[in-house]
Amino acid sequence: MIHMTETLAIHTIEGFLTPDETSQVVKVLDEHLDATGWVPARPSDGMVPPDAVQEILAGAVERALPAIRRVFPSVAGVTPWDYHDLGPGDGIPPHLHGVDDPHRRPRRVARVAFHLQEAECGGEFFVDTASSEALWTDRTAEPGSGFVPGTRFAREISHHAGPEALAALRAVPRTRWTSSPPAGTAVVYGAQLVHGVEPVVTGRLRKLITNLLDASPR
């Protein structure tokens, strides 16, 4: 059963990928990008990496599960990873995914962000915390929903939301927590946390993202 605190927690997994694994992921991705010519239409757009990359990342998640479950004990599955590639001027504004339909299985508990390559300046990952009621719906978990009864559910305000929703989120008083994790570190953050990426100033930010679920995806 998922507790509300899991969806609001943040954790780091140092050594998520070894240097050799990181080099192999970069090599496979570079070959794939050269072959496909993929370029994101907007900074928030991602690409599903080749199977060889997914296999390395799946092994890393399996290796990290004991540490992940200390903070997110209900995690039992993971979705395929997405690859994001940001250059100067690119950033991802604050947004909030939420947990989707609490009655639909499997349920999203948290997300993982791994920076394959840091920008020279800018591009930091952040989460925003806030006490405002404006981030929350009136829904609460019922018995049998998979969440502890009474769990509150945040609004879903994705980075593709309309201008009014994004403007309302920007108006909420928030405290920003910016991370600069060591090389090879993954950041695990609850699904009900506001988060985003600071604009890249110089260099290139390459990152991989996945969802952690309470069961294996179908």
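Which residue forms a salt bridge with Arg 42, and how far apart are the closest N and O atoms? I looked that up before anything else. Asp 45 is the partner, and the closest N and O atoms sit 3.2 Å apart. I'm working from a predicted model here. Arg 42 has a relative accessible area of 44%, so I put it down as partly exposed.

**Salt bridges, continued**

I searched the whole structure and got 10 salt bridges. One of them joins Asp 85 to Arg 204, with 2.6 Å between the closest N and O atoms. This pair ties together distant parts of the chain: Asp 85 is in strand β3 (residues 82-86), while Arg 204 is in the loop between β13 (200-202) and β14 (205-213), 119 residues apart. I checked burial on both sides. Asp 85 has 13% relative accessibility, so it counts as buried. Arg 204, at 31%, counts as partly exposed.

Next I went to Arg 176, which forms a salt bridge with Glu 198; the closest N and O atoms are 3.4 Å apart. Again the pair links distant parts of the chain, with Arg 176 in strand β10 and Glu 198 in the loop between β12 and β13, 22 residues apart. Both ends came out partly exposed: Arg 176 has a relative accessible area of 36%, and Glu 198 is at 21% relative accessibility. I also noted that salt bridges with shared partners join Asp 128, Arg 174, Arg 176 and Glu 198 into one network.

**The sheet around β10**

Where does β10 stand in its sheet? I traced 4 strands in an open, antiparallel sheet, ordered β4-β12-β7-β10. β10 (175-179) is at an edge, and so is β4 (92-95); each has a single partner strand, so one side of each has no neighbour in the sheet. The twist from one strand to the next averages 15°.

I then looked at the pairing of β7 (residues 125-129) with β12 (residues 194-197), which is antiparallel and runs over 4 bridges. For Phe 125, the bridge partner in β12 is Val 197.

**Leu 33**

Is Leu 33 buried or exposed? I found 11% relative accessibility; the cut-off for buried is under 20%, so Leu 33 counts as buried. Leu 33 lies in helix α1 (residues 19-36). Leaving out residues up to four places away in sequence, Leu 33 touches Trp 38, Met 47, Tyr 83, Asp 85, Arg 204 and Arg 206.

Technical notes:
Residues numbered from 1 in each chain as written. Predicted model: local features only at pLDDT ≥ 70, side-chain atom pairs only at ≥ 80, totals over all residues. Heavy atoms only, no water. Helix = DSSP H or I, 4+ residues; strand = E, 2+ residues; numbered from the N terminus. Buried < 20%, exposed > 50% of the residue type's maximum accessible area, 1.4 Å probe, protein only. Contact = heavy atoms within 4.5 Å. Pairing = 2+ DSSP bridges. Axes fitted to C-alpha atoms, helices over the stretch in contact; angles between N-to-C directions. Salt bridge = Lys/Arg side-chain N within 4 Å of Asp/Glu carboxyl O.
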